[in-house]
Number of protein chains: 2
Amino acid sequence: MAKNLPTNCPSSEKTIKDLLQERSKATFNPLKITNLLDGSQEATIRRQHLESLITKDPTGIFSNDENMYMHRTDRHVRSLAKHVRLMELCRSIGIGKEYNGEIVLDPDFHILIEALADDLPTYLHWVMFVPNIRSLGDEEQQAKWLPLCRDWKMIGCYAQTELGHGSNVRALETTATFLKEEDGGDPGGSWIVHSPTLTSIKFWPGTLGRTGNHAMVIARLIDGQGVDRGVHNFLVQTRSYKDHTLMKGVTCGDIGPKIGYNVMDNGFAKFDQVKIPRRNMAMRFAVVDEQGNYSKKTVSEATSKISYITMMQVRAMIVRNSSKVLRMGSTMAIRYSAVRRQGFKDKHMKEENQILDYKQQQHRLFPLLAASYCFFFTAKKLSENLKAIEERLYSLSNGDSNVNAEEIITKIEVGGIHASTSALKSFCTTVAADGIEDMRKACGGHGFLQASGFPEMICSYLQNPTVEGDNQMLPMQVVKVLLKLVNDVKSGNTKNLEDWRKTDAKYLIEPLKEMVNGNTSTKCNASSKEEMMDASVFHNAYQHRAARLLFEVSNKIEQDVKNGQKFEDAWNASLIQMGRISKAHCAYLLFDNFVQCIKEESEKGNVSPAEESVLNHLAMLYGSYWIEKEIGDFLEDKYFTSEHAAYIRSLVLEMMDKIRPNAVALVDAFDISDFRLKSALGKYDGDVYPAIVEAAKRDPLNASEPGPGYKEHLKDLIVGGVGVYSGTVSRL
Amino acid sequence: MAKNLPTNCPSSEKTIKDLLQERSKATFNPLKITNLLDGSQEATIRRQHLESLITKDPTGIFSNDENMYMHRTDRHVRSLAKHVRLMELCRSIGIGKEYNGEIVLDPDFHILIEALADDLPTYLHWVMFVPNIRSLGDEEQQAKWLPLCRDWKMIGCYAQTELGHGSNVRALETTATFLKEEDGGDPGGSWIVHSPTLTSIKFWPGTLGRTGNHAMVIARLIDGQGVDRGVHNFLVQTRSYKDHTLMKGVTCGDIGPKIGYNVMDNGFAKFDQVKIPRRNMAMRFAVVDEQGNYSKKTVSEATSKISYITMMQVRAMIVRNSSKVLRMGSTMAIRYSAVRRQGFKDKHMKEENQILDYKQQQHRLFPLLAASYCFFFTAKKLSENLKAIEERLYSLSNGDSNVNAEEIITKIEVGGIHASTSALKSFCTTVAADGIEDMRKACGGHGFLQASGFPEMICSYLQNPTVEGDNQMLPMQVVKVLLKLVNDVKSGNTKNLEDWRKTDAKYLIEPLKEMVNGNTSTKCNASSKEEMMDASVFHNAYQHRAARLLFEVSNKIEQDVKNGQKFEDAWNASLIQMGRISKAHCAYLLFDNFVQCIKEESEKGNVSPAEESVLNHLAMLYGSYWIEKEIGDFLEDKYFTSEHAAYIRSLVLEMMDKIRPNAVALVDAFDISDFRLKSALGKYDGDVYPAIVEAAKRDPLNASEPGPGYKEHLKDLIVGGVGVYSGTVSRL
């Protein structure tokens, strides 16, 4: 095929030169930012070394060059091979066994997984299954199961959702019914795990279909007395250790192709009276004895909240990933926009403009670039805050008898950070999913190619707005928490308000107090564009907006209920506004944290003034862009005048001008290698056009000449004249 | 596989009953609307009959049941087989030969293509290649080529874009150089078609890669005197009629996998000094004689604009398709939301709510449902308007010597409809692409499944925001036209303004006059929610917004140039605002036309009051939703007060309440059969859960037990213990 095409497509001097020129214009040192993102200079070196183990692996199994041409089944099989080779590699260098003496996901192992730049069907074993055992299994169970997990004897998944039931856990139908020894159970008693209906089939759990041999099944516990004790976790062996065949009564398989993430075997499982040992129920918080008597263990409120923090940590990880995917997209789109040219500069029609010089292109790409930095800092801070709360909960649960402290942290602080993580998960994944698709569109036709690197990234990312709390549902959780704060302000509960001051929601207290006291006419006091260009002006605007929207919904619901509506109906009628509140809360947190973190990193000496300056431009673009986008929220109660709106629009343009010369360097700073980027458009050297052509030539459709289907079908039409019109046929 | 699963999954009584109940609540007759959408009762019957030819075809080749499991190559081959069978079928019933005596796309053939519910690699032959010959070939060329096209001897594509060049046609690099007979050309002279660089390789044309044997190549014409005459069209045979092998000097192939539309072989082609006859240049508007002398034919301005109308008709078709894809998405999402339940109704935790009862779900789905109706009416009106202009251009070009009339129509009317089609193409495809993805997300996890029907529809649709004028570029063209109107108002050009009154932009004249006269403080005069709920209030608001934004950008550019900026820079600085103007123009046109068309259809007796009423609810929802969404535009210059904003929000909620009982009937009215919908979630009978499970079971990953890859790879890890940790390895 393609025999007349230059087999070594000439590098395009022009596009290569374009990127070199862009890099020469940068006003800062990208490596400093790389180190900041990795955590330190040493961390960057370590990461690069681990990445080289993958790219230089002599087996060649880690190559992704053929991914886009492969059938789903073949990709799944190949990624199993990748996993096995990765473990072999890890074991030869002592990585992935345990970390700090514990069986958890080793950070180095995680870096290696990311270095693959491909999905693994085994991913959720470490990310969901093992943490579940750690948080819900008792000590004996952990001691028994975790080493099997580490050694990949036990490969597990977390099986919660059912065909007819998503996030409403209380509606799950799968049952685990206690069976005493004397009634036919095994010695010590058994559980009979059963799927009573079609809609109760477990559906969606990753790794469940083909790869795993165990599932942590969430099922309704029916105790020895026949009492339904609500949902609990049960470890069900689904396949034999010996030959991976299905265990008795278990049916499972893959749920079929998806819009993305097709390497993963999301699975279904139907349990037909499957018998498992009594001790396969996770027994950290509740136990069932050999007679089937159910009892909750006495644990402190703090202890019970610890597993709750785990869920939030998963959300924090999702926020971190939203930054990563935006970094990938920005790298592809900004580099390509610097070498892609369209529209003549002048009447001589000699040179075309770099796409990156068009304002509407900058307006599509730069705010997303800024978001990728913003979300990074937020995810970092969020993880730190969660870690701190988790440690305090541990210390409380380990005997600190300060009941008052326990109440504070469990009642309000956990709520506060729950509101933040929910709001951030919802907002950041929405921005990332929409953003990478918009960056793809900003690459024109070539963005539609798999070889651009966008399609697989986008399609696989699309699960994120849905999983771990649907982005449309989370705002309700946010508002539920924040309305408690409004009520505390309204009722003047000074003690609670002191506790709220320890949370991310503290910024809402003062403006809410003002509003409760009848002052609802606060205005932005910037009186010129120059005055407007100040982080504190944005800060105040975001603060005011969030408080106002929250206050209004609080009043609306109260009023509706007073007017005789059922609470559920009043709540339903305000759902749309809750989405706005959640976004507004998020917008404040993101901007505030972005500005603060830059300051902190500078004070710690992690960045020099040159980097601090360019990061501040990103923060100010981020801040002004999101006000511009939701300007109605600021105009509606006259907090802003039309002049303020005009200033904001100018500021966005100004910030884009500032960022333009550093745009390519800002994506270089992400240090995403070509191996990880997998993008013909985003290549580091800018030599995009030969890469596109080379990718085209490798498509299996081009393997024969003429193409497949000609001889069997098309020829019948062109040469054979299939069913040629006869003159006698009249129109139907 | 799945041997323990019920092989005949029980129908879920509940979900089936849900849809029956929904249908019983409808206040109108869906069939009336179906007829309206099809054009008439007879048209509905005809369409349904043609669809049955496909679904009942005895060969079974048209089944789409296995599509989602197939490798791209296999799907391409299968769709070639579908095309051949379709032609055989058509020829047996006299369809697709010609229509009204002309060789054009037969509407019945088009209905059959749509009935396939699958893409064909041959689609662009009728949609782009044949129309190009008809509009740019001279009579002799048409007489020679069109019968070959009709008979599928000649299968063609339209080859414009190049690897390095998209919509900037003037930058194309491919050359067609005249070669006289005496210099080695064929008798009468030849063209040497050549790709001089890597970036000049033709890239993207559909059907070019594997299926077509001809390409209409857009290339720079170098005449016999060596003068570059700009781009012209040349018919290049790429493959032999006899065996489909590549012609001398031609290299072409498929460009590789894309995010969607993978049945189509978008192709690349490199021409290495390919010799074609002189008369393969399309010679309707310019000729080159045997000596290579180039001359333009004398054609009237009207004639030259006719082919311009063809481009706009393609855009009108794209607007029509944006409605269709929203209908598909609405059908899937609304039916599924009526049977999907989540969240308990009350404390007894017996019954869960229908998702469709949640306000934020309605807020995601109903405005898109409304948009699908709105875009339908707009596309219809747009086509009618284009047809009318085309006919007048034809009559002018056929000798009507009214030069004045010709000037009017070519200078302003064509401009006006160009602005409308550009704005509508950009807006409607953006709303549709974002909308169907949001409807997918609104289906939760199951929307992520290919079996939901969303993924393929979405991914293949994603080309639309990019092709035929990138959605980000089109607003510039809109504003370029509309700024002429502003200048005519500013300069008081009464004669031109009379002409503008014949265009879609006429509504802008009066408010612009006001603004030019210094009155920029117009306000909305509705003083209560009841007064606000009036189409004329929305109408005025949309009118005012569009005029204001346009006026401001006109002034801004003038001012910037006065202040010494280059025009190009002033233009660039206003690009972002141009996007807003284009949307605002569109919003007026869409709402205005929606309301008008409902009135007209009612007056014509095509709908009864029951249907008129529900269509009006959709129109009012559409109108209020888009004001709510872009409320800042109406608040910024104080046209709206915060009270108005509050009224609008209430109205949106009220309209959703009105639409709720009719929601399922409104998608039933689209009459999209299960065969065409290809969606487990959107099934007409509501029996979704068995359909999901059946689709899962058929995935090839489930063909063996244990799954593929276990014996070759996973077993090595679980049983073989690949590279188990030895006690002596220290951490790298």
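This note goes through a few local features of the structure, point by point.

1. The model is predicted, so that local features are taken only at pLDDT of at least 70 and side-chain atom pairs only at pLDDT 80 or more, while totals for chains, interfaces and linings use all residues. Residues are numbered from 1 along each chain as its sequence is written, chains are lettered from A in the order in which they are written, and side-chain values use heavy atoms, with hydrogens and water left out.

2. Strand β3 of chain A (residues 190-194) is largely enclosed by the rest of the structure, because five of its five residues are buried; buried here means under 20% relative accessible area, exposed over 50% and partly exposed in between, with a 1.4 Å probe and protein chains only. Strands (E, at least two residues) and helices (H or I, at least four) are DSSP runs, numbered from the N terminus. In a regular strand the side chains alternate between the two faces of the sheet. In β3(A), the buried residues A:Ser190, A:Ile192 and A:His194 lie on one side, and the likewise buried A:Trp191 and A:Val193 lie on the other.

3. Two strands count as paired if DSSP finds at least two bridges between them. Strand β2(A) (residues 175-179) runs antiparallel to β3(A) and is joined to it by five bridges, with A:Ala176 standing opposite A:Val193. Strand β9(A) (residues 274-277) also pairs with β3(A) in the antiparallel sense, over four bridges, and here A:Ile276 is the bridge partner of A:Trp191.

4. Most residues other than glycine have a negative phi, and most peptide bonds are trans. A:Asn100 lies in the loop between α4 (72-93) and α5 (107-116) of chain A and, at 68% relative accessibility, counts as exposed. B:Asp671 is found in the loop between α22 (663-668) and α23 (674-677) of chain B and is partly exposed, its relative accessible area being 23%.

5. One joins A:Glu705 and A:Pro706, with omega about -5°, and A:Pro706 is found in the loop between α24 (688-697) and α25 (710-718) of chain A. Another joins B:Glu705 and B:Pro706, again with omega about -5°, and B:Pro706 lies in the loop between α24 (688-697) and α25 (710-718) of chain B.
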